[in-house]
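Could you take me on a tour of this structure, one selection at a time? I have it open in my viewer and would like to know what to click on next and what I will find there.

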Amino acid sequence: MAVRYELRPGQNRLRHELPSGLSMEVIAQGSADESGGDLNPPLVFVHGSYHAAWCWAEHWLPFFSGRGFDCFAVSLLGQGESDAPYASVAGSLQTHTADVADFINKKLSSPPVLLGHSFGGLIVQYYIANIRDEQYTERNGLFPNLAGSVLVCSVPPSGNSGIVWRYLFTKPIAAFKVTRSLAAKGFQTSLPLCKETFFSAAMEDHLVQRYQELMKNSSQMPLFDLRKLNASLPVPSVPKSSIQLLVVGANDDFIVDAQGIRETGEYYDVPPIFVEGVAHDMMLDCSWEKGADVILSWLKGLRRDQR
């Protein structure tokens, strides 16, 4: 990255070598509670487009580490300080998911909770769909079990095409802005557009500018070929209650609307929770604690259920 993210106290930047020979950046922060790290599942965070491991390291890694969780945020290939493959795009839903599984399989000794944001949430959904798919596992490697999963402002199982069409017919101005911001990368040059796309109106401009610079430098290449991605969707469904799952949306999300979050909840038979006063980048927004508190409360319940 041209603009390197400066780690917070207690954080380390690791390199995880994949079977391909390429390596992934991982930002790790161990439990600050000596007893909590043994009781709680590790947390693995997966970012979305134009982001990297740093987006979790800013607030949520210190937050959850301070409450007894070992935390690991990965940068997918072609993003952040991870290696870039020799291709026009960073990977596919299948390859990105396999990379995350390889890290979990080789570096963690107990089942983690896997958290994904935006398109990272789609990777988490594909992961949980393949945990018990023996045919896929034999062909592509091991998908270790999870203690649970959290989908944060996630792209729904059917992809983003439904959201795009819905915006075109119901919110054409918003559709134009989202297209200009993301597809045309307008968020990289317009501070107001970047703020409207990712953050709440209360976010201070100097913070928006800082994150804009990090996002601008986070993506060496597109995360997916969106046409191929959407053609491969929806992700396979999983049996009800086969995995502990939390679906979280943001009331002020400019990218994934409430109907998209509800679609995800209905697909997994889980009632979604909508967090007020935060936008799409819930983990970076000025009220980032609100989403973190919702997830922490769910994690406490998860631990009680597993006793």
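Start with the cysteines: this is a predicted model, and it holds zero disulfides. Select Cys 71 and show its sulfur. Cys 71 is in no disulfide, and the nearest cysteine sulfur, in Cys 55, is 13 Å away. With a relative accessible area of 0%, Cys 71 is buried.

Now select Cys 153. How far is its sulfur from the closest cysteine sulfur? The distance is 12 Å, to Cys 55, which is too far for a bond because a disulfide needs the two sulfur atoms within 2.5 Å. Cys 153 is also buried, at a relative accessible area of 0%.

**Next stop: aromatic rings**

Colour Phe, Tyr and Trp so that the rings stand out. A search of the whole structure turns up 17 aromatic pairs. Zoom in on Phe 64 and Phe 69. Is this pair stacked or edge-to-face? The ring centres are 6.3 Å apart and the planes meet at 85°, so the pair is edge-to-face; an angle over 60 degrees is what that label asks for. Phe 64 is buried, with 0% relative accessible area, and Phe 69 counts as buried at 3%.

Move on to Phe 199 and Tyr 211. Here the centres lie 5.9 Å apart and the planes are at 35°, so this pair is tilted. The pair links distant parts of the chain: Phe 199 sits in the loop between α9 (191-198) and α10, while Tyr 211 belongs to helix α10, 12 residues apart. Both Phe 199 and Tyr 211 are buried.

Together with Phe 199 and Tyr 211, they form one aromatic cluster.

**Charges over rings**

Select Phe 63 and Arg 67. Arg 67 lies over the face of Phe 63, at 3.8 Å from the ring centre. Then try Tyr 167 and Lys 171. In this case Lys 171 lies over the face of Tyr 167, and the distance from the ring centre is 4.2 Å.

**Last stop: the pockets**

Rolling a probe the size of a water molecule over the atoms shows where empty space is left. Which residues lie nearest its centre? Select Phe 119, Asn 160, Leu 182, Ala 183 and Leu 226 to find them, out of 34 residues in the lining.

To see which elements take part, colour α7 (161-170), α8 (172-183) and α10 (205-218), the elements that give two or more residues to the lining of the largest pocket. The largest share, five residues, comes from α8. Colouring the lining by class gives 20 nonpolar, 11 polar and three charged residues.

Finally, find the second largest pocket, with about 150 Å³ of space. Its lining is made of Ser 88, Val 89, Gly 91, Ser 92, Leu 93, Gln 94, Phe 224, Asp 225, Lys 228, Leu 229 and Ser 232. How many of the lining residues of the second largest pocket fall into each class? Four are nonpolar, five are polar and two are charged.

Key. Residues numbered from 1 in each chain as written. Predicted model: local features only at pLDDT ≥ 70, side-chain atom pairs only at ≥ 80, totals over all residues. Heavy atoms only, no water. 1 Å grid on protein atoms, 1.4 Å probe; cavity = no way out; pocket = protein on both sides within 12 Å on 5 of 7 lines; lining within 4 Å. Helix = DSSP H or I, 4+ residues; strand = E, 2+ residues; numbered from the N terminus. Nonpolar A, V, L, I, M, F, W, Y, C, P; charged D, E, K, R; others polar. Points joined across faces, edges and corners; volume = space filled by probe spheres on them. Phe/Tyr/Trp six-rings, centres within 6.5 Å; stacked < 30°, edge-to-face > 60°. Buried < 20%, exposed > 50% of the residue type's maximum accessible area, 1.4 Å probe, protein only. Lys NZ or Arg CZ within 6 Å of the ring centre and 35° of its normal.
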